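Start with the terms, then follow the contacts.

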Amino acid sequence: MAARVSVVMGSDSDWPVMEAAVTVLDEFGVAWEADVVSAHRMPADMIAYGTAAAGRGLRVIIAGAGGAAHLPGMLASVTPLPVIGVPVPLAHLDGLDSLLSIVQMPAGIPVATVAVGGARNAGLLAIRILAASDDGLRAQMVSFQEQLRATAQDKGAALRARLSRDH
């Protein structure tokens with residue numbers, strides 16, 4: 001099955017964060033590819049990757065980057081596909097620098113941005129984007145949301161029961 005979602009990162013050291021995106025894509029049965037595409041160390045390759053993405057059948061790009069975090073925005077500037085940026089936390093500034101770099105895009109170059117380290121939500125957002133035109137994925141998302149609600153209700157019931165015992 002051809003990949004529908006690309007998960008790229010500036011360095012393989014970002015994989016421990018970005019792996020959460022592919023885990024959720026696997027849970028929903030969405031084909032993906034992953035690679036290192038550095039905006040700073042391999043800019044020509046990054047531009048070629050972004051310009052060819054739609055033609056290769058990809059539908060969404062999830063781009064993780066730390067530090068200056070230019071990868072998501074640069075990819076968004078060369079592709080018509082939706083790009084979801086994942087700020088990857090580094091040793092300094094706890095990823096705030098990455099978050100600000102990704103979220104502060106100029107007019108006309110949108111990048112959807114999730115929380116620092118929020119690769120799982122990036123994967124879920126990619127699924128929602130695909131589900132806009134895929135009834136099967138939409139049904140899976142509705143079921144997932146129902147499971148989230150049931151889990152939260154169970155936690156509330158457990159808390160109320162524990163508190164009633166303590167009082």
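## Terms and model

Axes are lines fitted to C-alpha atoms, for helices over the stretch in contact, and angles run from 0 to 180 degrees between N-to-C directions. Helices (H or I, at least four residues) and strands (E, at least two) are DSSP runs numbered from the N terminus.

This is a predicted model: local features need pLDDT of at least 70, side-chain atom pairs count only at pLDDT 80 or more, and totals for chains, interfaces and linings use all residues. Residues are numbered from 1 along each chain as its sequence is written, and side-chain values use heavy atoms, with hydrogens and water left out.

## Helix α5 against α6

Helix α5 spans residues 119-131, and helix α6 spans residues 135-166. Their axes come within 8 Å and cross at roughly 135 degrees. That makes α5 oblique to α6 (under 35 degrees is roughly parallel, over 145 roughly antiparallel, 65 to 115 roughly perpendicular, the rest oblique).

Contact means heavy atoms within 4.5 Å. On α5, the contact residues include Leu 124 and Ile 127. On α6, they include Met 141 and Phe 144. The contact divides into seven nonpolar, one polar and three charged residues (Ala, Val, Leu, Ile, Met, Phe, Trp, Tyr, Cys and Pro are nonpolar; Asp, Glu, Lys and Arg charged; the others, Gly among them, polar).

## Helix α1 against α5

Helix α1 (residues 15-27) also meets α5. Their axes come within 7 Å and cross at roughly 35 degrees. Val 17 and Leu 25 are among the α1 residues in this contact, and Gly 123 is one of those from α5. Nine contact residues are nonpolar, one is polar and two are charged.
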